[in-house]
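Here's a quick briefing on the model you have open. Grab a viewer and follow along, topic by topic.

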Amino acid sequence: MAHNILLIFIAAFIVNNILLMRYIGLCPFFGVSTNLTTAFGMSAAVLFVMLLSTWITWLIFYFILLPLNLVFLRTAAFILVIASLVQFLEMFLKKNYKTLYSAMGIYLPLITTNCAILGTTFLVINYKYSLFHATIFALGTALGFALVIILFSAIRERLEFAPIPRSFKGYPIVFIAASLVALAFLGFIGFLGLSL
Amino acid sequence: MIELIKSILILGSLGLILGLVLVFIYKKFALTGSEMENKIKAILPGSNCGACGYAGCAIYAEKIINENVSLNKCLPGGKEVSEKLAQITGREVQLTEPQIAVLICRGGKDECRELFIYDGGTDCRQAYIMHGGNKSCVFGCVGLGHCAKVCPFHAITMGSNHLPIINEKKCTGCGICVKECPKNVLRLIPRTKLVYLACVSKDRGKAVKDVCTVGCFACNICIRACPYQALTMVNNLPVMDFTKCTDCGICVHRCPTDSYVDRAKARPYAMISPACTGCGECVKVCQFKAIEGMPNSRHKVLTGKCVGCGECFKVCPVRAITMVGALGYQVKTA
């Protein structure tokens with residue numbers, strides 16, 4: 001993997017897009033992309049939690065698990081961290097930033113079990129990134145998530161009014177549309193010498 | 001073995017620390033008055049219909065506590081909920097009259113012919129974009145049932161005549177259908193109101209007659225007939241002043257096109273007792289020629305023609321007229 005900051009960012013943002021290339025975090029992708037406003041809310045919440053959880057899990061991995069030779073515990077430890085982080089954020093926002101809290105609504109607790117967050121924390125460990133590079137990577141991934149989910153919500157708003165055959169209505173046509181968008185993103189492979 | 005103990009210790013202490021941190025944070029960020037909020041939330045219906053003007057029951061509960069929003073905004077809950085809220089918060093409540101949604105159009109597919117064949121999307125709003133729907137009347141109900149879909153209480157069903165039928169028992173007057181209807185043919189009226197005009201056509205005369213058999217063509221008969229001056233003609237439609245209207249039902253029966261709707265399940269009819277002196281006052285006020293009789297002899301009511309408006313009852317100088325019928329409803333003479 002390239003260790004240039006820009007390359008890490010673009011790789012996470014477009015070339016290895018978490019939704020369309022890695023197929024991680026698909027449940028919010030289909031569940032919350034029904035309209036633009038909810039898509040924005042979800043992306044903002046993901047960006048927030050992804051950055052924070054990447055920092056904390058990175059610290060836990062390199063300062064607790066690795067020195068104690070307990071790398072196999074990382075799944076359990078990371079889930080624990082992410083879940084309590086989301087809880088903390090929810091309380092914090094509810095108290096101090098009421099408008100932001102009500103704007104994010106249900107999406108904040110939903111992130112607790114979001115595989116995109118857990119996946120990112122693992123990838124950061126797999127790629128052996130430094131904390132700074134991990135931040136860039138998490139930022140790119142979250143923005144890539146936002147880009148795709150917002151693009152796709154616009155497509156879905158159009159799909160609502162399209163004359164679709166009855167058997168394809170609802171999720172079938174959404175899956176097909178998602179695969180076509182993913183095919184389009186395949187075109188980015190090899191961009192700036194980056195590959196999957 | 002050491003590894004096992006180590007992992008249990010690490011994971012356990014990690015969980016413990018995070019748990020303690022969360023407890024600490026929860027204490028620090030504890031919301032004041034949350035108990036009251038939960039009580040209010042338990043009382044509110046929880047259907048999140050938005051009739052109060054806020055995004056849902058939870059937000060309305062918050063606003064009641066934090067911003068002293070009035071307690072009578074919950075239309076589905078009505079009087080009961082307002083009173084319970086008043087008990088909990090210890091505040092006064094001004095009660096609003098419960099309302100009900102009614103359809104201000106009677107032109108179904110039998111009454112109002114179709115202008116063109118429409119086979120587009122099956123939602124009123126889509127059909128509305130296409131020249132305002134395929135009904136020949138541009139003002140009336142499209143008839144594709146968007147209101148039935150949006151009603152959170154399932155109070156609206158589509159009739160065979162392609163007009164929505166509103167179940168008065170289920171309707172809570174939340175007003176969602178009124179906001180959603182692209183044609184504005186649904187309206188909220190007080191629940192106690194019995195008579196209303198069910199037409200929104202701003203055309204007059206032949207323009208209405210050509211497209212709909214039950215449309216109001218602004219003939220002014222109801223306006224002249226109303227004994228209480230409750231009706232005025234605005235934009236070729238009679239507008240009813242609810243404070244003046246007594247729900248007597250004269251307009252309903254005088255209307256040549258049947259454009260009015262009478263929600264009353266039954267109306268009484270007049271009966272004349274032997275005390276009648278035959279003065280003829282009642283014959284003068286009856287707009288339906290339902291009272292007959294020779295002068296100075298006892299008059300007779302033709303029950304087939306009497307609509308139960310009660311005008312004769314009011315003018316009779318000797319109080320010889322009684323209103324009977326209508327679900328046991330009876331107005332006794334003195």
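A residue counts as buried if 20 or more other C-beta atoms lie within 10 Å of its own, as exposed if 12 or fewer do, and as partly exposed in between. With 15 C-beta neighbours inside 10 Å, B:Lys202 therefore lands in the partly exposed class. Keep in mind that this is a predicted model.

**Around B:Lys202**

- Look for B:Lys202 in the loop between strand 5 and helix 8 (206-209) of chain B.
- Which residues does B:Lys202 contact, leaving aside its neighbours within four places in sequence? They are B:Phe139, B:Asn235, B:Asn236 and B:Leu237.
- B:Ala218 is 16 residues from B:Lys202 in sequence, and the C-alpha to C-alpha separation of the two is 8.6 Å.

**The two chains at a glance**

- Of the 196 residues in chain A, 34% count as buried; for the 334 residues of chain B, the figure is 33%.
- Take contacts between residues at least 6 apart in sequence: in chain A, 77% of them join residues at least 24 apart.
- Run that count on chain B, again for residues at least 6 apart in sequence, and 57% of the contacts join residues at least 24 apart.

**Where chain A meets chain B**

- The contact draws on 15 residues from chain A and 13 residues from chain B.
- Helix 4 (residues 74-96) of chain A gives the largest share of chain A's side, with 10 residues.
- Sorted by class, chain A's side of this contact has 11 nonpolar, 2 polar and 2 charged residues.

**Helix 8 of chain A and its partners: helix 1**

- Helix 1 (residues 5-15) of chain A crosses helix 8 of chain A at roughly 30°, and their axes come within 7 Å.
- That angle is why helix 1 of chain A counts as roughly parallel to helix 8 of chain A.
- The crossing of helix 1 of chain A with helix 8 of chain A is right-handed.
- On the helix 1 side you'll find A:Ile5, A:Ile8, A:Phe9, A:Ala12, A:Phe13 and A:Ile14, and among the residues they meet in helix 8 of chain A are A:His133, A:Ile136, A:Phe137 and A:Gly140.
- The residues of this contact between helix 1 and helix 8 of chain A split into 10 nonpolar, 4 polar and no charged.
- Which residues of helix 1 of chain A are buried? The list is A:Ile8, A:Ala11, A:Ala12, A:Phe13, A:Ile14 and A:Val15, and the buried residues of this helix pack against helix 8 of chain A.

**Helix 8 of chain A and its partners: helix 7**

- Helix 7 (residues 115-126) of chain A packs on helix 8 of chain A at about 150°, with the axes 10 Å apart.
- Helix 7 and helix 8 of chain A are therefore roughly antiparallel to each other.
- Helix 7 of chain A also passes helix 8 of chain A in a right-handed crossing.
- A:Ala116, A:Thr120 and A:Val124 of helix 7 make the contact with A:Ala134, A:Phe137, A:Ala138, A:Thr141 and A:Phe145 of helix 8 of chain A.
- By class, the contact of helix 7 with helix 8 of chain A comes to 6 nonpolar, 2 polar and no charged residues.

**Helix 8 of chain A and its partners: helix 9**

- Helix 8 (residues 131-159) and helix 9 (residues 171-186) of chain A pack at an angle of about 140°, with their axes 11 Å apart.
- Helix 8 of chain A is therefore oblique to helix 9 of chain A.
- Helix 8 of chain A passes helix 9 of chain A in a right-handed crossing.
- From helix 8 come A:Phe152, A:Ile155, A:Arg156 and A:Leu159, while helix 9 of chain A brings A:Ile173, A:Val174, A:Ala177, A:Ala178 and A:Val181.
- The residues of the contact between helix 8 and helix 9 of chain A are 8 nonpolar, no polar and 1 charged.

**Nonpolar cores**

- In soluble globular proteins, nonpolar side chains tend to be buried together.
- The largest nonpolar core has 66 residues, and B:Leu103, B:Ile104 and B:Cys251 touch the most other members.
- Elements of chain B that give two or more residues to this core include strand 1 (99-103), helix 5 (124-129), strand 5 (195-197) and helix 10 (250-254).
- Not counting residues up to four places away in sequence, B:Leu103 touches B:Cys141, B:Leu163, B:Pro164, B:Ile166, B:Val185, B:Leu186 and B:Ala198.
- A second, separate core has 49 residues, including A:Phe29, A:Ala77, A:Phe78 and A:Leu85.

Conventions:
Residues numbered from 1 in each chain as written. Chains lettered and ligands numbered in written order. Predicted model: local features only at pLDDT ≥ 70, side-chain atom pairs only at ≥ 80, totals over all residues. Contact = placed C-beta atoms within 7 Å. Helix = DSSP H or I, 4+ residues; strand = E, 2+ residues; numbered from the N terminus. Nonpolar A, V, L, I, M, F, W, Y, C, P; charged D, E, K, R; others polar. Axes fitted to C-alpha atoms, helices over the stretch in contact; angles between N-to-C directions. Parallel < 35°, antiparallel > 145°, perpendicular 65-115°, else oblique. Left-handed = near helix turned anticlockwise from the far one by under 90°. Core = buried A, V, L, I, M, F, W, Y, C linked by C-beta atoms within 7 Å.
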